[in-house]
Amino acid sequence: MTDQTAAAPRALKAERYATLRRLLGTPTGAIASLVVAAFVIAALAAPWVAPYDPNAIDPINRMQGPSAAHWLGTDQLGRDLLSRIVFGTRTALYIALTGTGAALGVGMAMGMIAGLGGKILDSALVLLNDSIKSLPLVLFALALVTIYGASVPALIVIIAISMAPGYFRVVRNQVLVLNNADFIVAAQSMGASRIRLAATHMLPNLIGPILVLIAMDIPAVIGIESGLSFLGQGIQPPQSSWGNMLSEGYTYVRQAPHIAIAAGLPIVLSTIAFTFLGETLRDALDPRRAVRT
Amino acid sequence: MTTYLLRRFALGLCVLIVSMLLLFVLIYAVPGDPASIALGPRASEAQKAFFREQMGLDQPLAMQAASFLWNLLHGDFGTDILSQRPVADLVFAALPRTVTLAVVGVIWAAAIGTPLGIWAALRPNTFIDWLIGVISTSVVALPAFLMAIYALILFAVMLNWFPAIGAGEPGDLLDQLHHLALPAFAIGVAWVGYIARLVRVSMLETLAQPHVRTYRSFGVSDLRIALRYVLPIAVVPVISVLGVGIGNLLSGAVLVEVVFSRPGLGSLAYDAVLSRNFPVLLGAVVVTTGLYVLANFLADALIAYLDPRLAEKG
């Protein structure tokens with residue numbers, strides 16, 4: 001008996017270690033993790049990583065192509081594009097994390113209520129989430145921005161609303177499955193309250209699928225933020241954002257196409273990296289799936 | 001089958017009503033006078049009064065929601081602040097262009113993505129399967145508008161193969177197709193990956209079923225099994241995903257239209273944002289939502305036709 005209780009935490013630790021090893025063990029997973037890590041470091045250490053002040057104007061050297069001094073060139077005001085991209089990483093990751101975080105909070109709360117709250121509540125919430133999914137994201141965002149104004153909080157609210165159904169579905173389905181699982185029934189029979197059930201028995205089982213969904217949603221959020229900023233309805237200048245840079249580059253696309261090309265690079269790199277991270281994470285957390293398909 | 005379709009239809013109608021109510025709540029929750037905020041400084045008092053009346057801002061909340069809903073479901077989205085034309089006219093004039101763009105985008109994506117998915121499924125766990133997997137996963141999350149900008153730079157600005165702006169001369173089909181090429185390409189890129197992955201997984205699942213083994217034991221060739229017997233079954237989940245994906249697709253089309261200055265729902269909405277023409281935006285959102293609900297219903301109907309077992313299950 002004592003042997004078994006001592007072995008359990010060790011097995012759990014080994015399991016986590018195995019997940020990490022599976023994540024870094026595939027070439028795509030390892031590269032994706034590295035790229036994501038590079039973006040996170042760029043965001044955290046932007047002032048030290050960026051070669052120039054992202055807002056320093058240098059009219060003499062404006063619209064210069066890539067060179068030794070400016071690796072990705074300069075924009076229409078002579079600002080260093082690489083430095084602006086590095087600082088834009090802060091904006092992109094901030095929106096991506098707060099946006100998905102808010103969506104997770106809203107979706108999880110709805111999912112828990114639907115899963116534990118009975119049939120009528122469940123049907124109503126499913127209908128609500130289906131309805132949210134039916135709203136066309138970009139047009140919906142433009143409509144909201146027109147009334148509420150373009151700002152970072154507005155952007156986060158839009159992302160939270162439109163991304164919440166994904167988390168709702170995962171949490172609800174998982175809770176419905178777990179409702180009938182033996183260990184939940186056992187906990188229930190020992191008098192555990194619903195809130196205690198949700199917090200201590202269900203949440204830990206949700207972490208895996210939710211992590212995967214977050215990794216998959218981050219590219220989508222980056223796309224939404226840069227798309228709205230490209231239309232001038234997302235992040236407002238002078239705050240650097242990849243979408244703003246794209247919008248400026250688009251204006252000068254004939255004179256200086258390198259601006260738009262450079263501004264698009266971090267979007268391409270980050271969306272691909274996060275997608276692969278999500279894929280590998282899913283396979284790593286559920287090895288059976290990786291073998292089967 | 002009829003009960004199934006009726007139920008799906010009723011559900012679609014519920015979804016449409018709830019999403020309109022959601023819009024109402026979000027508009028109503030704005031602090032200040034909704035009419036002034038929604039219509040902006042350019043609107044006249046008469047227009048504001050009409051908007052208030054249209055939304056029933058002088059009535060009790062429940063009545064307001066009801067009249068808002070009633071007007072929208074009748075296709076009455078109010079009038080354009082600038083041109084004084086009914087919003088419904090503007091939106092329905094722009095809609096076919098956007099739908100054409102989206103449909104052409106998906107068709108070329110399906111034409112490339114489906115064979116890629118079949119190829120990968122027939123050679124599972126080989127290098128080619130891995131390569132197709134890596135390519136599909138790479139493109140799947142790329143934003144369409146970014147692909148549009150890159151395609152514009154490469155093919156229109158640098159190589160000058162395709163025009164950069166507009167939709168072509170009316171009546172000149174060849175010119176219109178020439179203008180459609182780059183936007184449709186940009187929209188389809190992500191879908192090539194998406195469809196290839198879906199077809200692969202779906203094919204693998206179907207290939208593992210017992211009836212496929214029977215065909216094989218009768219000496220039917222692998223390719224014939226794949227195309228004649230497996231693909232029609234494997235394509236069912238792809239259709240349902242396409243139905244759900246139409247929202248994404250239209251969102252992509254909206255941004256791509258702005259990049260290429262193509263007339264359509266996207267350009268209409270973008271101009272409406274710049275001139276704070278809220279009724280036009282609301283109309284665009286409502287019509288697109290309706291389109292999404294309709295597309296989902298059609299996908300459900302098509303699936304029920306292709307695979308009646310699903311309809312019986314409900």
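Figure 1. Of the 314 residues of chain B, 43% count as buried (20 or more other C-beta atoms within 10 Å of the residue's own, with C-beta atoms placed from the backbone). The model is predicted: local features need pLDDT of at least 70, side-chain atom pairs count only at pLDDT 80 or more, and totals for chains, interfaces and linings use all residues. Residues are numbered from 1 along each chain as its sequence is written, and chains are lettered from A in the order in which they are written. Chain B comprises 13 helices and zero strands (DSSP runs, H or I of at least four residues for helices and E of at least two for strands, numbered from the N terminus). The C-alpha trace of chain B spans about 80 × 55 × 35 Å along its principal axes.

**Figure 2. The largest nonpolar core.** This core (buried Ala, Val, Leu, Ile, Met, Phe, Trp, Tyr and Cys residues joined through C-beta atoms within 7 Å) has 171 residues, and B:Ala148, B:Ala269 and B:Leu281 have the most contacts inside it. Helix α8 (residues 173–207) of chain B gives the most to this core, with 17 residues.

**Figure 3. Surroundings of B:Ala148.** Leaving aside residues up to four places away in sequence, B:Ala148 touches B:Pro183, B:Ala186, B:Val256, B:Val259 and B:Phe260 (contact: C-beta atoms, placed from the backbone, within 7 Å).

**Figure 4. Contact between chains B and A.** Chain B supplies 45 residues and chain A 44 residues. On the side of chain B that touches chain A, the largest share, nine residues, comes from α12(B).

Definitions and conventions:
Buried ≥ 20, exposed ≤ 12 C-beta atoms within 10 Å, placed from the backbone. Contact = placed C-beta atoms within 7 Å.
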